[in-house]
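User: I'm new to this one and would like to go through it slowly. Could you show it to me, and then I'll ask how the descriptions come about?

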Amino acid sequence: MLQILQDILSGLFETSGLAGLAAEPLKLLMMCVSFLFMYLAIVKGFEPLLLLPISFGMFLSNLPAVLPEDMIFHAAYWNEPQSVEWLWKVLHDGGLLDKLYLGVKLQIYPCLIFLGIGTMTDFGPLIANPKSFLLGAAAQGGIFFTFLAAGYMGMSAAECGSIAIIGGADGPTSIYVSSKLLDGADSNLNTGTIALAAYTYMALVPVIQPPIMRLLTTEKERKIKMPQLRTPSKTEKIIFPVVVTLIVALLVPSAASLVGMLMFGNILKESGVAGRLVDTAQNALMNIVTIFLGVSVGATCTASNVANWDFIKVLILGVIAFSLGTACGLGLAKLMNWLSGGKVNPLIGSAGVSAVPMAARISQQEGAKADPTNFLLMHAMGPNVAGVIGSAVAAGVLLSVINY
Amino acid sequence: MHPLLLANQLIMLAGGIDGNKRPLDDSEKWGVTLVGLGVVIAALAILVVVIMLFGKIFDQINKNQKAKASAEAEKKKPKQAPAPVKKAPAETKPAPAAAKPAAVPAVAPAAEDDEEVIAVISAVVAMMSEQDGKTYRIKSVAKSQRNNGFGGRSAWAMDGRRQNVNPF
């Protein structure tokens, strides 16, 4: 009798989370990291709408479980090549977060986020000053120069592309590219770690950008006041999304999904006839997708994925990509300032990275620090929204030249 | 690297690089970097030209529409004899209490005084007068100099912009 009781208790212990924790003590470390992120989101207010779902997803996927059927997320599934059998396995045997992660793997969430962003974006400053497109293009230099750096570190083409896209400072685009390139690739990297690095650096825009901006511009340049922009007509704003989608799709078809959804959201907004759809896209849909995206991306941050040298490389190259993007944007803005005879404030160049609207806000703040009567916000919004289009085009280029 | 080799590699890029290839050749690394940056800049430069063109077309359309509308308004306008130029009377404010008139900031006579603005200024001066216990008299009202260190904007406009931008 005593033996039976002992066997039952022993069996219960062996299938309990405690046994799982004893087998994989690194899970405890990952849970502590998730608690740190929760603290940063709740107490410090660092991007709480994203960091809180990501950190809780990380916490859930690192909960110790011994039996595969008890796991909420199976990291092993996501390194396998996609097939019909694989999809059936995920749907049949996967945990809740596996099923939610399908939206990332199948590139559904990034496109839906772009739809929501489109309904919230005013391309007016960009239409008023189309030259801002060039600043949005220059800032993508961070992506391609980081590709070069990652290549020299001996990484594979898929890894180089997935890390480099962090330089676009665009979370959904990073997820879109890395989920395609790393699918079935021979790599220790995964979409979750790329997304985590991308969102971390986006939250750190106010820390990373200002020193570079001050280093590459003079006090005199930062004080330059730019004339007020013209107000584009409603017709221009309606035609803009159609024209951009058409041109981008003709030149870089791989970027059509992202740019198309961005512009679809924008035409819903600018047309003024689909108020209910706009309301849904920018509120309910955006919030739902953000929850699913955050929690499922966070779930991929398991000990095996994060506690390794490759993740450190992602973090190092990510910050290089981000800084290079900022510097390239500033460099072209300085050139435009020189060519225009001092009419362009170089600070708006750093907004070419597509962290909307944070990067534009930093340009405004730095300009106001040099001269409190200087208002650069709307001038910086042009390159900022151009950066969103630019990073989507850069993503399309990477997907075109790297076979996945 | 030899330019011909680079060109050759760029052409090969059209077929794409194997995602799992490790390590990449120099020509592949530089090829992706140069082609990628070039394509992004070219795509956005085309957008610059197209959007500028659209802007010019719409500006022209708007100008034509405005010119047409003003021409029609001119036609409809009945012919009137030129009105005599009305000199803006110096606005005065009676003293609320018996007190010695204090110094008033003298300004140049305004050519076109806006009655509403003068009413607001008078109300503010009256309030100041009550608070200070002194009598002020408005002799004239004129628009302040534009060259005021605020980039040609009035203090009100500056304050409005500051309030709008501060939340960012």
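User: Which domains does the domain assignment give for chain A?

Analyst: Domain 1 covers 22-64 and domain 2 covers 105-401; such bounds come from an automatic or database domain assignment. Before we go on, this is a predicted model, where local features need pLDDT of at least 70, side-chain atom pairs count only at pLDDT 80 or more, and totals for chains, interfaces and linings use all residues. Residues are numbered from 1 along each chain as its sequence is written, while chains are lettered from A and ligands numbered from 1 in the order in which they are written.

User: What makes up the contact between domain 1 and domain 2 of chain A?

Analyst: Domain 1 of chain A puts in 19 residues and domain 2 of chain A puts in 16, a contact being two residues whose C-beta atoms, placed from the backbone, lie within 7 Å. On the domain 1 side, α4(A) gives the most, with 11 residues.

User: Why is α10(A) called roughly antiparallel to α2(B)?

Analyst: Helix α10 (residues 141-152) of chain A and helix α2 (residues 26-76) of chain B pack at about 175°, with axes 9 Å apart. Angles under 35 degrees count as roughly parallel, over 145 as roughly antiparallel, 65 to 115 as roughly perpendicular and the rest as oblique. So α10(A) is roughly antiparallel to α2(B). Among the residues that meet here are Phe144(A) and Leu148(A) from α10(A), and Trp30(B) and Leu37(B) from α2(B).

User: How do you know where confidence is lowest and highest in chain B?

Analyst: Look at pLDDT, the predictor's confidence in each residue, from 0 to 100. Helix α1 (residues 3-13) of chain B has the lowest mean, 56, and α2(B) the highest, 89. Over residues 106-111 of chain B, pLDDT stays under 50. Where pLDDT is low, the predicted coordinates should not be read in detail.

Definitions and conventions. Axes fitted to C-alpha atoms, helices over the stretch in contact; angles between N-to-C directions. Helix = DSSP H or I, 4+ residues; strand = E, 2+ residues; numbered from the N terminus.
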